[in-house]
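Subject: Structure handover

Hello,

Here is the structure for your files. My notes on the sheet and the ligand site follow below.

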Amino acid sequence: MTYKNFDVYTLIKPEILKLRNIGIETANLDCRLLLSKSLNRCESLYNHQNILVSEIEVKKFQSLVQQRLNGKPISRIINRRNFWKKEFELNDDTLDPRSDSETLIESTLEQFRDKLQFLKILDLGSGTGCLGLSLLDEYPKSEASFFDISLKSLQMVKKNAHNLGLSKRSKYINLSWKANDWDIELLTIENNTKYDVIISNPPYISTDIIKTLKKEVKKHDPFVALNGGKDGLDAYRSIIPKLRNIVKLHGKIFLEIGKEQESFVTSIAKEHGLSQKGYKKDLSGVTRVLMFIIK
Ligand SMILES: C[S@@+](CC[C@H](N)C(=O)[O-])C[C@H]1O[C@@H](n2cnc3c(N)ncnc32)[C@H](O)[C@@H]1O
């Protein structure tokens with residue numbers, strides 16, 4: 001194979017123009033990430049760096065840019081996303097983690113200040129595992145169980161746990177919170193040990209609204225990770241009634257919510273023996289996390 005020496009910017013400039021023409025403001029960064037992926041590099045590339053590239057690699061780069069031109073999000077092309085302090089791999093069955101969900105990590109850190117304490121953590125609806133794994137990274141003596149209906153997403157959690165050196169403290173549980181006795185099944189798997197921390201970003205978008213979302217979201221994020229049913233609250237109705245049975249007496253529950261869902265979720269929680277002890281807004285000022293304890 002013959003390799004030629006290129007200045008990165010010279011190579012990516014025509015592709016940057018194509019992306020800019022369709023309104024992609026991050027065209028330069030996107031092209032550098034896609035070139036990096038084509039060269040199987042982990043590190044970032046700089047505009048004025050010299051690199052050796054083969055013709056096959058140039059073709060691969062151009063085909064990745066074409067995927068971007070067709071509307072595929074960059075994280076779905078490179079199958080990676082930075083969340084909190086680490087990089088997570090994605091697959092077609094996992095939600096692409098959102099920075100708003102980092103509010104859940106912030107809330108937990110505020111409530112559990114001693115990083116060296118042992119916490120038993122449940123990540124309910126774990127996707128890539130970005131929530132539970134970020135907590136395991138912050139609390140090096142703790143353990144987390146990852147619960148998801150999707151086996152393929154649990155496989156992704158397993159891979160991310162391995163990549164981050166967190167496998168020994170991770171457990172994978174393939175259950176559905178739609179099952180009647182999911183709490184009993186869960187406790188059986190856990191030898192009746194309850195949790196200090198339950199963290200969850202459940203699907204909370206109303207089915208009708210999903211149709212109106214940007215193509216990038218509705219086409220590439222799994223429906224099961226988005227769909228909250230008619231009014232967006234189905235997952236809360238399945239999850240909340242069981243939380244009292246699986247959280248320790250002094251444990252805390254952190255739930256992500258969508259815009260304007262606060263009063264509805266709080267009232268479901270009240271009905272089922274929980275009281276709201278705090279909330280946290282995301283960077284846009286929207287109430288994103290509600291914290292509950294046993295009443
Ligand atoms: C909004 S995503 C959150 C993923 C990840 N925690 C994050 O924040 O990026 C919701 C997750 O809940 C899972 N899920 C949906 N319905 C479920 C059910 N009935 N039982 C268990 N998990 C479910 C989905 O597979 C998805 O991984």
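Strand 10 and strand 11 run antiparallel and are joined by 7 bridges. Strands here are DSSP runs of E with at least two residues, helices are runs of H or I with at least four residues, and both are numbered from the N terminus. Two strands count as paired if DSSP finds at least two bridges between them.

Before the rest, the conventions. This is a predicted model, in which local features need pLDDT of at least 70 and side-chain atom pairs count only at pLDDT 80 or more, while totals for chains, interfaces and linings use all residues. Residues are numbered from 1 along each chain as its sequence is written, and side-chain values use heavy atoms, with hydrogens and water left out.

The sheet

Gln 276 has Phe 292 in strand 11 as its bridge partner. The hairpin of strand 10 and strand 11 has 5 residues between the strands, and Gly 285 in the turn shows a positive phi of about 85°. Strand 11 (residues 287–294) also pairs with strand 9 (residues 247–256), in the antiparallel sense and over 4 bridges. There, Phe 254 stands opposite Met 291 of strand 11.

These strands belong to an open sheet of 7 strands with mixed pairing, in the order 7-6-5-8-9-11-10. Strand 7 (170–173) and strand 10 (274–281) are at the edges with a single partner strand each, so one side of each has no neighbour in the sheet. On average, neighbouring strands are turned by 20° against each other, direction ignored.

Two helices pack on the sheet, with contact meaning heavy atoms within 4.5 Å. Axes are lines fitted to C-alpha atoms, for helices over the stretch in contact, and angles run from 0 to 180 degrees between N-to-C directions.

- Helix 5 (residues 102–111) touches strand 8 (195–200), strand 9, strand 10 and strand 11, and its direction makes about 150° with that of strand 9.
- Helix 8 (residues 182–189) touches strand 5 (120–124), strand 6 (143–147), strand 7 and strand 8, and its direction makes about 145° with that of strand 7.

A separate pair to look at

Strand 3 (residues 80–83) and strand 4 (residues 86–89) run antiparallel, joined by 4 bridges. Phe 83 stands opposite Lys 86 in strand 4. Their hairpin has 2 residues between the strands, and Trp 84 takes a positive phi near 55°.

The ligand

The ligand is surrounded by 19 residues, each with a heavy atom within 4 Å of it. The closest are Gly 125, Asp 148, Trp 177, Asn 201 and Ala 225. An oxygen atom of the ligand is 2.6 Å from an N or O atom in the side chain of Asp 148, and a ligand nitrogen is 2.9 Å from a polar backbone atom of Gly 125; polar contacts here are pairs of N or O atoms within 3.5 Å.

Regards

Conventions
A polar contact is a pair of N or O atoms within 3.5 Å; within protein, one must be able to donate a hydrogen and the other to accept it, and residues adjacent in sequence count only if both atoms are side-chain atoms.
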